[in-house]
Amino acid sequence: MISANRWHVRLLLVWCIYLETASVLARTGEHFVQFIPTPGVVSDRFYYESPGSVHPIEVDASTTQQVRIRIVDFLNNNPELKLHCHVAPLSPDSELTSAFLCRKTSVTANSLCVDPKTQTPQWGEIAFNAIGNRSHGYTFHAELLVGRVLLDAFYFCKFRNKWGELNSNMVEVQDVYYYQIAMVKRDAEKPQYLPTIKAPDLPMRLDCGTRRWSEKDLPTWADHSFPSPFLWSFCELSGADGYTDYQCMNKARKHPIGVSDYFEHVVYPNGTLILLGRTAAAWKYMGLLCRSHIRSAVIFSVFFGGTESNPGPLMYDPNVPYTDSSFRPLSPMFQKITVRQGPGSGTQLVAVYRGSRSFAKTEWTKDGGRIPFGFPEPTAFALTFPELIQRNHSGLYELHVSGRHPSIRFQYEVTVVGPPEVIQDPPALLLVMEGHEAMYHTEIASYSTTTLRINGEVFFPGSPQEHRKLSNHFPYLKDVKIHPLDIQGPRIQYRASNLVFTPGSSFGSTHTVTIEGANEFGYARVSTLINVLPRPAFLKLPADCAPRCLSSEEHTFSCEVDLRPYAMAHVIQSWDWNGTDISVLRGQGDARADYFQTEGITLRLLPVRDPSRVSLFANSHVTCRIRIYYKAVQAALGNSENVERVLQDSKWIVYDSRTDTETRGLSSKVDLQLDSTRSTASAGFSWIAAVLIAIVIIIIIGALTACIVMRSRGETYMLDRKERASGHDPDKELLENKNFQIYERPDLPPLRGSRCSLNDYSAEIGSDADGELDDYNLDPGKFNEEGSFIDQYTTETHYKSTSRLPTLSGQYQPLA
């Protein structure tokens, strides 16, 4: 059965290749704008950091949600952005009328759009090169000048042709480095000298330089995970080195010692250091400084022990006990924390409190339960989030501190925010037969508003004015009824009815639907092309087997479909015999299948020469079957051994003429009858064949005879052999014949220049008598073909009894 199914696959693929070829020839391009993936570009990656491993950063317009690019530093080269806005090839009459690259400075700001055909897309010092055309779209490429200008922006493509408009999802650029440069523009402080640090002093707060920057100056996208540009480190010193800020800087550069080696700590984005608790590492003679890689020559703060007049290393005394009888919180007991979805740069929840930890017990929970899998091991003060922060990390986190002292509880209401996220993609293409209803749904999380666009135009269902406006722009949609969006939480459903295929149109009520979810952080746009298909139009239908359906003849049935409206679909044409697919009959080993051959759009019923099988084709009907599928079924057919299961799957099939009760004329009657003249015709044919063979043999014999005769022509005829073969001896008969005398030439010297006649006169050279046989009384007719004498042995001869020896005339005068 497997081999039969594989044969079925091959048969279908061959036939599908034919239909696909015809479909490609029939189409000259798309009418509606559709963003398509760019080969080699990852379309499901939504977060990039620069500097990073990807250069240049390439984003595809077919991505399903907003992409974030975060610029966190500048090393040697500026990052480059390539925005690929490629569309399915458009037909010559549907090319792009505008191809805008748009920019927004914030989600709520207005868009500034530039068409590369009219001018170079440029905003300030950021200029984009555009490569492409009006039928395939464009690639926009720019170098982002880090540190020179603020790069915060949203970019997207907005393409339009006469059938509508389509916008891509946005690419958000977050210029972290620009704000970090502003943050490090602060004054450095003189060296500070701290007394011996004791356990009751912890937690301890230390500032980095003199701040002139407030967190309020950060952009709206900067949240709890904004990376700090400041770096705290210890430097190991001795009395011989001297306790100066520059000596500490040089030591820290050569042999940096992390603060985490000695203290559990946290550094806020503004550079503030909180020393939370001592670790077990052995203490050294050290200083502590704050610096930044952005202004590497500046020492913002440095801390030593001792005094200004007698500086020394920082000292720590672990033997001083806590005197407080309770836990004293130093940070708010309840906080609302907002975190952006995506890479989190080490986001932490930090509880700052003071109290003896000798018998303290701490426990972190989320929503009253355990911390989810994937979080690093929490400490007594901090809970660190995974590197990739997701929406399900939102919730209520608590730290419960208990022991000998009264317990305290810190609460953090964490909200993971970001642009709307597409949880379930809608179909990119929805094929709908005319007269049917179009309906699909998508799921978008974290949106605050939704917008419905039809062919790029904002549309409010239920409004007569909106419907008239849409009909004025797109007359072929005047009869379509678009229902209001059915919104149930993240689930959004679209429905349209009364879809008709306009006569003379190449696509009927086909239209592009865009559902847009938005919030304060961005957008999520999902688009679906609803392609309305007509019922198949048949250019040729199978005819009945008429007037007489004889078994000795071959019968053909043709079925041709107009494939032009199905450029986006996959069409399979097959044949049914009495309601069963012929390929299925062949797979089952049915004897009837041996007499069927398909060639293109034609089915051939071969002559049935076995009389016992003629009845298998009596009172039957053959039916042309047309099925329309999504193109993705081709891959499913190639990967499955059960072809029928794939072809019957409802997620692939769009139309089946077998279930269409309104389509007529696809069947033809076949009542095969045994040919009664077959025997007579066979006998007559045999007799004619025998006659023809005999004629051929006679011709061959005649040809051989002629060849032999022609080969012997011109040879010497051996008469004596023939006579002896007949019992005669010619030599003996000549001797016995008395009338036969031997004439010999007299033994005389030859005459010079003599031309003597046997009649005693000389013929004049050059005269009419010269060389003629008449002068010798010889009849030329007496000679045969071989030059022998005829009738020389009869009683009448040319030789007389009187001697006729040649004599010379008296008038002959020999030459001297």
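Trainee: With which strand does S33 pair over seven bridges?
Mentor: This is a predicted model, so local features need pLDDT of at least 70, side-chain atom pairs count only at pLDDT 80 or more, and totals for chains, interfaces and linings use all residues. Residues are numbered from 1 along each chain as its sequence is written, and side-chain values use heavy atoms, without hydrogens and water. Strands (E, at least two residues) and helices (H or I, at least four) are DSSP runs numbered from the N terminus, and two strands pair if DSSP finds at least two bridges between them. The antiparallel partner over seven bridges is S34, residues 408-417.

Trainee: Which residue of S33 is the bridge partner of glutamate 363?
Mentor: S30 (residues 361-366) also pairs with S33, antiparallel, over six bridges. In S33, the partner of glutamate 363 is histidine 400.

Trainee: How many residues of S33 are buried?
Mentor: Buried means under 20% relative accessible area, exposed over 50%, and partly exposed in between (1.4 Å probe, protein chains only). S33 spans residues 395-402 and is mostly covered. Of its eight residues, the buried ones number six.

Trainee: Why is one side of S16 and of S19 left without a neighbour in the sheet?
Mentor: The open sheet has three strands in the order S16-S20-S19, paired antiparallel. S16 (204-206) and S19 (263-267) stand at the edges, so each has a single partner strand.

Trainee: Which residue of S20 bridges to glutamate 264?
Mentor: S19 and S20 (residues 273-278) pair in the antiparallel sense over five bridges. In S20, the partner of glutamate 264 is glycine 277.

Trainee: Where is proline 56?
Mentor: A cis peptide bond joins histidine 55 to proline 56, with omega about -5°. Proline 56 lies in the loop between S1 and S2.

Trainee: What is the relative accessible area of serine 446?
Mentor: Serine 446 sits in the loop between S37 (438-445) and S38 (449-454). Its phi is positive, near 65°, though serine 446 is not a glycine. Serine 446 is partly exposed, at 36%.

Trainee: What is the relative accessible area of isoleucine 695?
Mentor: Isoleucine 695 belongs to helix H8 (residues 678-712). The residue is partly exposed, with a value of 43%.
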